[in-house]
Every structure is written in structure tokens, then in C-alpha cells.
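User: Hey, could you walk me through this one? I'm new to reading structures.
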Amino acid sequence: MNMLILAEINIKNMENRFRSLTIFEFQSRFPDDEACYTYLAELKWGDGFRCPQCGHTNYCSGKREHDRQCTSCHRISSPTSGTLFHKVKFSILKAFYIVYYVSTNTKGISSTELSRKLGLRQKTCWLFKMKVMKAMESSGNNKIEGNTEVDETVVGGQEEGVVGRKNNKKKLVVFAIERKGKGVSRMYGKAIQHSSAKELGDFMKATIASSANIKTDQWTGYKPLLHDFENLVQVKSGKKGDNFPDLHRAIMIFKSWIRGIHHNVEYLQLYIDEYCYRFNRSNMKEGIFENLMMRMINKPPCSYKQIIA
């Protein structure tokens with residue numbers, strides 16, 4: 001087989017991998033609960049079974065078809081136990097649909113719209129959507145290393161009588177972007193209480209490599225961070241942020257997304273995680289659903305009380 005044919009095969013494989021997963025393909029792949037449990041079992045134990053209680057690797061069948069029982073301590077594990085699907089109160093198939101809609105809708109989807117599509121209560125859809133968004137939280141393993149811009153903004157608009165970076169009911173958020181070529185390749189964000197050197201520093205240390213070329217405005221909270229980031233440069237923001245056009249454009253798009261889909265957001269960090277997750281994987285297309293399902297499996301269970309805490 002010559003190199004030209006091999007190259008054509010590789011291109012075809014890439015096209016198949018990143019081709020959008022249509023609703024018809026999704027329905028064909030997951031026609032019922034049985035198909036969903038089979039998929040979860042393969043995803044969870046594809047590399048081999050390990051008992052979450054004693055670590056034993058041998059198992060026998062459990063009471064239900066897809067359960068596995070440890071032959072040492074006899075603990076029974078289901079495909080959903082120890083995951084964000086744990087104790088789901090409705091059909092696992094509808095839970096898959098929520099993951100699909102959240103991951104593949106480029107502009108996101110509200111819990112009200114999920115309720116209408118799936119025939120579930122809005123609060124039920126909201127809670128499980130929060131769990132899906134929890135899986136979108138950044139792992140912190142892929143820090144920004146190139147040309148970086150950092151700035152804070154107030155989500156919800158400036159409040160009357162409130163000056164500068166102070167806020168009362170509105171939310172203060174710090175964003176960082178990685179500039180590549182003529183655009184933005186990555187984006188991270190965090191809701192913060194104050195634009196202090198500590199809070200800004202905690203965010204930047206978690207998301208940006210110390211060797212990155214960082215540009216910020218002249219806010220005093222960034223000055224102490226020169227000790228941690230050797231290539232940090234402070235410049236004037238300019239009129240309407242003229243010196244940070246890509247960053248401010250990315251922030252404006254995020255704000256428009258919040259207003260257009262979710263209107264009033266109380267649990268802002270989860271929405272920031274959702275937006276950045278989708279933004280950073282905008283080229284994954286079909287792979288984004290599988291990636292999110294793997295994250296749902298690897299994240300521990302999260303209760304309603306934990307989400308609202």
C-alpha cells in the first residue's frame with residue numbers, strides 16, 4: 001500500500017472521528033436503556049474491573065445483567081455507581097439525551113428546553129444538567145503556555161453607584177485566553193469575590209504556565225504576580241479595551257451566551273465551566289460527546305446539596 005493511499009485513509013478516519021454526531025445517529029446508537037447500560041459498562045470497565053472497595057480485579061455476575069460482583073469482598077457495582085449517573089431518578093436513556101443535547105448544542109441548552117423535549121420536570125432537568133456541567137470542569141492538566149491575556153469583568157453589567165471592580169449583586173469573573181495566529185485557541189474563567197492578588201494569582205497559577213507571555217492591564221492586583229510569572233507585562237487597557245481586543249471580544253460573546261440561553265445565572269462557575277469546555281473543544285465535533293461521557297464516568301457522584309452549597 002503506497003503512501004498516498006495511507007494518507008487518504010488517515011484523512012478519512014479523521015473525517016469520521018470529527019464528523020458531527022447527528023440526532024439520527026444518536027438514536028440508532030442508543031435506542032433504549034439496555035444499549036445505554038451496555039455502553040456505560042464498556043466505558044467504565046473497558047480496561048478491566050477493579051473493585052472500588054478492596055481493589056480486587058476478579059468478579060462474577062451481579063443480580064442485574066450489567067452489574068459486577070467482587071469475588072473477594074462481594075461488593076456489587078453497577079455501571080452507574082460511583083459516577084455522575086449514580087441514583088439517576090429517571091430513565092438512563094433520557095439522561096443520555098441530556099448529555100447529548102448539552103454537549104452538541106453549540107450555544108448550549110436551557111433546562112426549560114430540556115424539560116419540553118424530554119417530558120421531565122424542569123427542576124429534574126436542571127439538576128442533572130448541573131451534574132453534566134460539573135463534568136465539564138477543567139482538569140487543570142493543560143495550562144496555557146503561549147501568548148496570554150488576562151482580565152476581569154462583571155457579569156450582569158455595572159451596578160448603579162458602584163465604581164470600578166467593586167460589585168454587590170453582580171458577579172466578578174476573571175478570564176484568561178491563549179492567542180494563536182489571528183484568533184483565540186483556549187479560554188479559562190473563574191468567578192471570584194475580589195480582584196485581589198491572591199484570588200487572581202490562584203486562578204492564574206491553576207490555568208497558566210509560569211513561562212507564558214502574559215499581558216494584563218495596570219490593575220495593582222497583578223503587580224505582585226510578577227514574582228510568579230516572569231513574562232508578565234502590564235499595559236494600559238486603552239479606550240474600551242483597545243489593547244485587549246481578542247480577550248474583550250471573547251468576554252462579550254460569553255456574556256451574550258449567558259443572556260441569550262440562561263438569562264439569570266446563580267451558579268455562575270458551572271456555566272463558566274460549560275462555556276470554556278465547549279469553547280476549548282470547538283473542533284472536536286463528534287468526539288465531544290464521548291469525551292463528556294468519559295468525564296461523567298470518572299467524576300464521583302454529586303448530590304443536590306453539594307451543587308447548591
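This is a predicted model: local features need pLDDT of at least 70, side-chain atom pairs count only at pLDDT 80 or more; totals for chains, interfaces and linings use all residues.

User: Let's start with H4. Is it buried or exposed, mostly?
Analyst: Mostly covered: 11 of the 13 residues in H4 are buried. Among them are Ile92, Leu93, Phe96 and Val99, along with the tyrosines Tyr97, Tyr100 and Tyr101.

User: And what covers those residues?
Analyst: Several other helices take part. The cover includes H2 (23-29), H3 (33-45), H5 (111-118) and H6 (122-135), and also H9 (268-280) and H10 (287-298).

User: How far apart are the ends of H4, and what span should we get?
Analyst: At 1.5 Å a residue, the 13 residues of H4 (92-104) should span 18 Å.

User: What's going on at the start of H4?
Analyst: There, Ser91 uses a side-chain oxygen to reach the backbone nitrogen of Leu93, coming within 3.1 Å.

User: OK, H9 came up as part of the cover. How many of its residues are buried?
Analyst: In H9, 10 of 13 residues are buried, which makes this helix mostly covered. The buried ones include Leu268, Leu270 and Ile272, but also Asp273, Glu274 and Arg278.

User: What about the span of H9?
Analyst: H9 should span 18 Å at 1.5 Å a residue, given its 13 residues. Its end C-alpha atoms are 18 Å apart, so that agrees too.

User: Switching topic: what's the volume of the largest pocket?
Analyst: About 900 Å³. It is lined by 42 residues, and the closest to the pocket's centre are Gly189, Lys190, Ala191, Gln269 and Asp273.

User: Which elements give two or more residues to that lining?
Analyst: Strands S5 (171-180) and S6 (183-192) do, as do helices H7 (197-207), H9 and H11 (304-308). H9 gives the most, with 7 residues.

User: How does the pocket lining divide by class?
Analyst: It has 15 nonpolar, 15 polar and 12 charged residues.

User: Last one: how many cavities of 30 Å³ or more are there?
Analyst: A search of the whole structure turns up 1. The largest cavity has a volume of about 30 Å³.

User: And which residues line the largest cavity?
Analyst: Ser138, Gly140, Asn141, Asn142, Lys143, Tyr188, Ala206 and Thr207. By class, that lining has 2 nonpolar, 5 polar and 1 charged residues.

Definitions and conventions
Residues are numbered from 1 along each chain as its sequence is written. Side-chain values use heavy atoms; hydrogens and water are left out. Helices (H or I, at least four residues) and strands (E, at least two) are DSSP runs, numbered from the N terminus. The expected span of a helix is 1.5 Å times one less than its number of residues. Buried means under 20% relative accessible area, exposed over 50%, partly exposed in between (1.4 Å probe, protein chains only). Contact means heavy atoms within 4.5 Å. A polar contact is a pair of N or O atoms within 3.5 Å; within protein, one must be able to donate a hydrogen and the other to accept it, and residues adjacent in sequence count only if both atoms are side-chain atoms. On a 1 Å grid over the protein atoms alone, a cavity is a set of points where a 1.4 Å probe fits but cannot get out, and a pocket is an open set with protein on both sides within 12 Å along at least five of seven lines; lining residues have an atom within 4 Å of a point. Grid points are joined across faces, edges and corners, and a volume is the space filled by probe spheres set on the points. Ala, Val, Leu, Ile, Met, Phe, Trp, Tyr, Cys and Pro count as nonpolar, Asp, Glu, Lys and Arg as charged, and the others, Gly among them, as polar.
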